[in-house]
Amino acid sequence: MQAAQYAALDGLALAEMLANKEVSSAQLMECALQLAEERGAPLRALVHLRPEQARQEAAHWQARGPFGGIPFLLKDLGLASRRFPSNLGSRLFADIEYAYDATLAERFDAAGLIPFGRSTVSELCMGPSTESSVHGGPTINPRANDRSTGGSSGGAAAAVAAGIVPVAHGSDGGGSIRIPAACNGVFGLKPSRGVPMGPSRGEGWGGMACDGVITRSVRDTAAALDAISGYASGAPYAAPPLPGSYLDAVREQGAGRLRIAVWRDAFNGIPIADPCRQALEDTARLCRELGHEVVDGPLPDFDYGAFVRAYGTVLATNIVLAVDARLAVLGRALRDDDLEPVIRDGLDIGRGIAATQYVDAIQRFHAIGRALSQAMQGVDLVLSPTLTQLPARLGELALTGGFWAFRETVSRYATFLAFVNASGRPAASLPVAATPDGVPLACQLIGHFGREDQILRLAAQIERAAPWQAHAVTLPGR
């Protein structure tokens with residue numbers, strides 16, 4: 001198989017070729033490693049590559065799971081894997097080694113996904129653009145080199161968009177799957193709260209964070225969710241079990257009419273760019289043409305500004321927890337160049353946050369879950385813009401300046417995203433359009449808790465009716 005053919009296929013298509021003995025896992029890995037060198041390196045999308053280890057593993061791989069044995073990337077967020085170290089996009093956290101595999105890493109393995117490295121992230125996964133200085137420069141968007149790949153799963157989305165892998169691990173604590181999916185023109189779904197984070201962790205960021213995948217096709221996400229979902233013994237959360245499979249839901253083309261609410265305005269009068277509005281209207285019209293009922297819906301009734309403050313409170317306290325634990329391991333004090341400016345300021349802010357402020361923030365998250373439930377009464381799904389603006393230009397969302405000013409800027413860019421994390425509900429970004437000069441545009445689908453099947457079914461219908469194209473990959477300086 002040639003690399004160009006490999007890059008044009010989704011994961012299940014490659015798995016079918018494996019099952020039919022048309023190609024081997026070793027051949028697929030060679031394609032991935034070639035593209036990692038040719039595309040991943042100039043895009044600064046990959047870290048901790050282990051090519052020889054990956055070749056050996058692929059050569060002796062025993063076919064299993066829905067993907068059989070295809071190349072894959074783990075996000076550099078600290079998901080424990082004995083295969084690779086991690087640095088969380090930070091000098092301070094460089095080269096953390098693991099003696100065990102996380103539950104999720106084991107489930108990816110059982111699904112037939114062979115990781116050969118990690119994808120780049122913003123520092124501590126706390127930025128909506130992957131521009132960590134530890135990588136030697138920003139991760140580059142293969143669709144628009146002057147614009148952000150998004151974050152924090154920016155390297156994962158860039159790698160999928162560039163054809164290096166058809167499926168990549170991502171995580172989402174406030175938009176970190178959906179923002180990069182939107183910026184790179186690929187599909188990204190944040191599952192319902194409950195994908196296991198064990199054995200060393202039960203939750204991330206007060207229940208805001210959740211793991212999933214970024215993919216080129218809806219069906220690949222469905223197959224991956226079938227493989228990684230389900231309760232793990234001892235975990236603090238579990239989504240309700242789905243009868244059947246997500247992949248079966250995607251394959252159903254006449255599964256009934258959905259009632260879809262459209263959000264055309266943002267909280268606090270935050271402006272929405274005209275191209276984002278137009279993409280929303282075009283997608284709503286397509287949903288009607290597909291036979292669904294589309295209505296105007298109310299925004300959830302809560303204080304958005306207070307939520308932004310509560311979210312920042314939880315992030316700042318988590319910075320303190322992570323940094324203090326790392327410094328204790330290293331046995332030294334913090335240095336001036338250890339952290340990006342926003343994270344450094346967040347550390348100082350976090351040290352001054354009282355326990356009562358943290359508890360208040362968590363209670364506010366829970367209240368948002370109830371507000372969103374009320375707003376979605378009588379509808380199956382909500383359709384909104386993913387981002388309020390076009391993907392940011394490089395530098396606009398780098399981790400520079402003060403913590404609270406940065407969080408305010410992010411809140412006006414990713415307005416429709418983080419509060420969904422607070423609710424625990426699933427949501428997906430669909431690459432529905434592009435500007436005339438090729439900058440991706442996306443819309444978001446928000447579902448009821450545990451109803452990823454409805455999101456995936458509608459997303460697959462939209463994908464079939466108006467397929468999102470695999471645009472040409474543009475490498476910097478070429």
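**Strand pairing, backbone exceptions, cysteines and cavities**

Leu189 stands opposite Ala428 of β10 in this predicted model. The strands concerned, β5 and β10 (residues 427-434), run antiparallel and are joined by 3 bridges. Ala428 also has a partner in β11, namely Leu445. The pairing of β10 with β11 (residues 440-447) is likewise antiparallel and extends over 6 bridges. These two strands, β10 and β11, make up a hairpin with 5 residues between them. In its turn, Gly438 has a positive phi of about 90°. In a regular strand, side chains alternate between the two faces of the sheet.

Several backbone exceptions occur in loops. Most residues other than glycine have a negative phi, and most peptide bonds are trans. Two cis peptide bonds are described here. One links Gly151 to Ser152, with omega near 5°; Ser152 belongs to the loop between β3 (113-119) and α6 (154-161). The other joins Gly198 and Pro199, with omega about 5°. Pro199 lies in the loop that runs between β5 (187-190) and β6 (210-215).

His48 has a phi of about 55° and is placed in the loop between β1 (46-47) and α4 (51-59). Its relative accessible area is 12%, so His48 counts as buried. For Leu124, phi is also positive, at about 55°. Leu124 is located in the loop between β3 and α6, and is buried at 7% relative accessibility.

The number of disulfides is 0. A disulfide is a covalent bond between the sulfur atoms of two cysteines. The cut-off applied is a sulfur-sulfur distance within 2.5 Å. Conversely, the nearest cysteine sulfur to Cys443 is that of Cys276, and Cys443 is in no disulfide. Both cysteines are buried: the relative accessible area is 5% for Cys276 and 1% for Cys443.

The structure contains 2 cavities of 30 Å³ or more. The volume of the largest cavity is about 210 Å³. Its lining comprises 22 residues, and those nearest the centre are Gly174, Tyr311, Arg407, Val410 and Ala418. Helices α11 (304-330) and α14 (403-413) each contribute at least two residues to this lining, with the largest share, 6 residues, coming from α11. By class, the lining of the largest cavity consists of 13 nonpolar, 8 polar and 1 charged residues.

The second largest cavity has a volume of about 70 Å³. Cys276 is one of its lining residues, which also include Ala182, Thr386, Leu387, Gln389, Leu390 and Pro391. Pro440, Leu441 and Ala442 line this cavity as well. Strand β11 supplies the largest share of the lining, 3 residues. The lining of the second largest cavity has 8 nonpolar and 2 polar residues, and no charged residues.

Note on methods: Residues numbered from 1 in each chain as written. Predicted model: local features only at pLDDT ≥ 70, side-chain atom pairs only at ≥ 80, totals over all residues. Heavy atoms only, no water. Helix = DSSP H or I, 4+ residues; strand = E, 2+ residues; numbered from the N terminus. Buried < 20%, exposed > 50% of the residue type's maximum accessible area, 1.4 Å probe, protein only. Pairing = 2+ DSSP bridges. 1 Å grid on protein atoms, 1.4 Å probe; cavity = no way out; pocket = protein on both sides within 12 Å on 5 of 7 lines; lining within 4 Å. Points joined across faces, edges and corners; volume = space filled by probe spheres on them. Nonpolar A, V, L, I, M, F, W, Y, C, P; charged D, E, K, R; others polar.
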